[in-house]
Amino acid sequence: MNSRTLWTPGAGSTTRRRFLQAGAATGLAVAGLSAGLMPGRAYAQPKRGGTIRHAKGHGNTNDTLDPATWTNGFTVALPFGMHGYLTVVGTDGSLEPSLAESWEATPDAKTWRFKIRQGVTYHSGKPLTADDVIDSVNYHRGEKSTSVAKPLVASITSISKDGDDTVVFELEAGSADFPFVFTDYHMAICPSDGNGGIDWKSGDGCGAYKLVHFDPGVVAQLERFTDDWNQDRGWFDAVEMLSVVDLNARTTALVSGQVDMIDKLDLKTVGLLGRKPGVEINSIAGPQYYSFAALTDQAPLDDVNVRLALKHAINRQELVDKILFGHGTVGNDQPIGPSYRFYDKELPQTPYDPDKAKFYLKQAGLDSLEVTLSAADAAFPGAVEAAVLYQNSAESAGIKVNVNRVPNDGYWSDVWLKHPFSAVYWGGRPTEDQIFTTAYESGAAWNDSHWKNARFDELLVAARAELDEAKRREMYSEMQSLVSQDGGTVLPMFANFVFATNGKIGHGDMASNFDCDGERWMERWWFA
């Protein structure tokens, strides 16, 4: 995928095959110990040096460097390390400048002017220009675009330059949160190809690290970009990120010192892992949720009564206790949790109620229901077990849930968005508008229940443009209710981001907008 010289792993480098062999050999007998967390440690003074190795429980062999296609945690962390973005989400959830050093809007929030930082160069030496910004954003726009980020920029009616350092965005309606759009990991600012498109195939970026080797579904290797415009990031000399979906192999790699960090931990045994010398467990509450997406355009899931029956047939607290082991909270079939500004804490909770589920089945003209639920632990840790627990709780409601255990490899390309009922994880988004636009708006590429609701779509546009916070809160409250009661998402739990590092890692405050410090660990962490 990379046209430049490849970085060949040397004797000190770790391979994915070695992880898998180690996991199979040791078995890592970690079951049976009680949970407990090692106190987190942060180091105030960053310093440069070393190669950080991260074994991620994500990655597919069909992953690419095309920003229109990024779908999993591997292809979130990789672009955040190698590419530049106009804006970023800070560790406190606030919006921070990056390639855009400032921005301003007209009073109606329909016209936005972004001043582009000068003196920034790509890894190839090419200077960053306003044309790079325009072409990168346009890549996700227009009728011919197949980008999954297309809904995020659909409200833009035109983009133009004002001089060499200012890009002007005209919107069809006001958007109070518009600058947050550019924090989305798809919105990398790639070099223009000079013909209105972008050059993504070379891997050229203007982030803290330059890509030297990418083997999809296996490994990405990067090295520090010494001419980075921001010298207060990118503390490691090099980064090696491996796709290691096998949980035992990931955990063994951390305990044995082959890697410095892992994600997607086994929460049943996280207490034991935290007791290992030199291992730090991080559990960060945020917008991540685990869900089951039901395609609302396929019978019998196209009947709202069937969907309500499924929602009353799941024991949410049991899943929080047995799948998350306390590292999370009960969900209510809509994605706006306590970490969001407009979270409606007064929204009635849908309870586990088999009798109510039976009532809704009768409303649908059914005495019983049989559905197939596809799951793999690639969807989220414990997804298969969660599906079995769902199967057991639904039985009391006259609902037979057939658990279809599918392979981890290719889950996001072959199962998600294709199977009628499937397990899903979402990392969340920094604003209500972004998660609703990405995953719930009618026709959105990642609307994984194919749900359509005219009133919701109307409110989505109106809330985006509303500058009165009280009115906005009312709109988002109604939208949460609509998704909860009409949508095709069975959302039983919000999951903390739980990941582990070794004692060599130094870090500051952790962001909660994505896993692993907002997936900006490459540029924020260092070796203590």
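## Ala 109 and the model

Ala 109 counts as buried, at 4% relative accessibility; buried means under 20% relative accessible area, exposed over 50%, and partly exposed in between, with a 1.4 Å probe and protein chains only. Ala 109 lies in the loop between β4 and β5, and its phi is near 60 degrees, a positive value in a residue other than glycine. Helices (H or I, at least four residues) and strands (E, at least two) are DSSP runs, numbered from the N terminus.

The model is predicted: local features need pLDDT of at least 70, side-chain atom pairs count only at pLDDT 80 or more, and totals for chains, interfaces and linings use all residues. Residues are numbered from 1 along each chain as its sequence is written, and side-chain values use heavy atoms, with hydrogens and water left out.

## The four-stranded sheet

β4 and β5 belong to an open sheet of four strands, ordered β4-β5-β7-β6 with antiparallel pairing; two strands pair if DSSP finds at least two bridges between them. The edges are held by β4 (100-105) and β6 (156-161), each with a single partner strand, so one side of each has no neighbour in the sheet. From one strand to the next the twist averages 20 degrees.

Five bridges link β6 to β7 (residues 166-171) in the antiparallel sense, and Lys 161 has Val 167 in β7 as its bridge partner. Helix α3 (residues 130-138) packs on this sheet and touches β5 (111-116), β6 and β7, its direction making about 165 degrees with that of β6. Such angles run from 0 to 180 degrees between N-to-C directions, and axes are lines fitted to C-alpha atoms, for helices over the stretch in contact.

## The seven-stranded sheet

A second open sheet has seven strands in the order β8-β9-β10-β1-β11-β19-β12, and its pairing is mixed. Its edge strands, β8 (209-215) and β12 (279-284), each pair on one side only. Five of the seven residues of β8 are buried, so this strand is largely enclosed by the rest of the structure.

Antiparallel pairing of β8 with β9 runs over six bridges, with Glu 223 in β9 as the partner of Lys 210. The two strands form a hairpin with three residues between them, and Gly 217 in the turn has a positive phi of about 75 degrees. Elsewhere in the sheet, β11 (residues 261-262) and β19 (residues 497-502) run antiparallel and are joined by two bridges; Ile 262 is partnered by Ala 500 in β19.

## Helix α2 and two loop residues

Helix α2 (residues 74-82) lies across β1 (51-56), β8, β9 (219-224) and β10 (238-243), at about 145 degrees to β8. His 83 is placed in the loop between α2 and β2 (87-89) and counts as buried at 5% relative accessibility. Leaving aside neighbours within four places in sequence, the contacts of His 83 include Trp 70, Ile 189, Asp 204 and Cys 206, contact meaning heavy atoms within 4.5 Å.

Thr 91 sits in the loop between β2 and β3 (95-97) and is partly exposed, at 34% relative accessibility. With neighbours within four places in sequence set aside, Thr 91 is in contact with Asp 509, Met 510, Ala 511, Asp 517 and Arg 524.

## Nonpolar cores

The largest nonpolar core has 124 residues, and those with the most contacts inside it are Phe 292, Leu 310, Phe 380, Ile 399 and Trp 521. A nonpolar core is a set of buried Ala, Val, Leu, Ile, Met, Phe, Trp, Tyr and Cys residues joined through side-chain atoms within 4.5 Å. Helix α9 (residues 383-395) provides the largest share of this core, seven residues.

Among the residues that Leu 310 touches, not counting those up to four places away in sequence, are Leu 301, Tyr 390, Ile 399 and Phe 421.

## Cavities

The whole structure holds six cavities of 30 Å³ or more. A cavity is a set of points on a 1 Å grid over the protein atoms alone where a 1.4 Å probe fits but cannot get out, and lining residues have an atom within 4 Å of a point. The largest cavity contains about 220 Å³ of space; a volume is the space filled by probe spheres set on the points, which are joined across faces, edges and corners.

Its lining has 18 residues, of which Thr 71, Tyr 185, Tyr 425, Trp 426 and Gly 427 lie nearest the centre. Two or more lining residues come from each of β17 (421-426) and α14 (515-519), and β17 gives the most, with three.

## Backbone details

Cys 516 lies in helix α14 and is buried, at 0% relative accessibility. Although Cys 516 is not a glycine, it has a positive phi of about 50 degrees. A cis peptide bond, with omega about 0 degrees, joins Ala 299 and Pro 300; Pro 300 lies in the loop between β13 (289-294) and α6 (304-312).

Notes:
1 Å grid on protein atoms, 1.4 Å probe; cavity = no way out; pocket = protein on both sides within 12 Å on 5 of 7 lines; lining within 4 Å.
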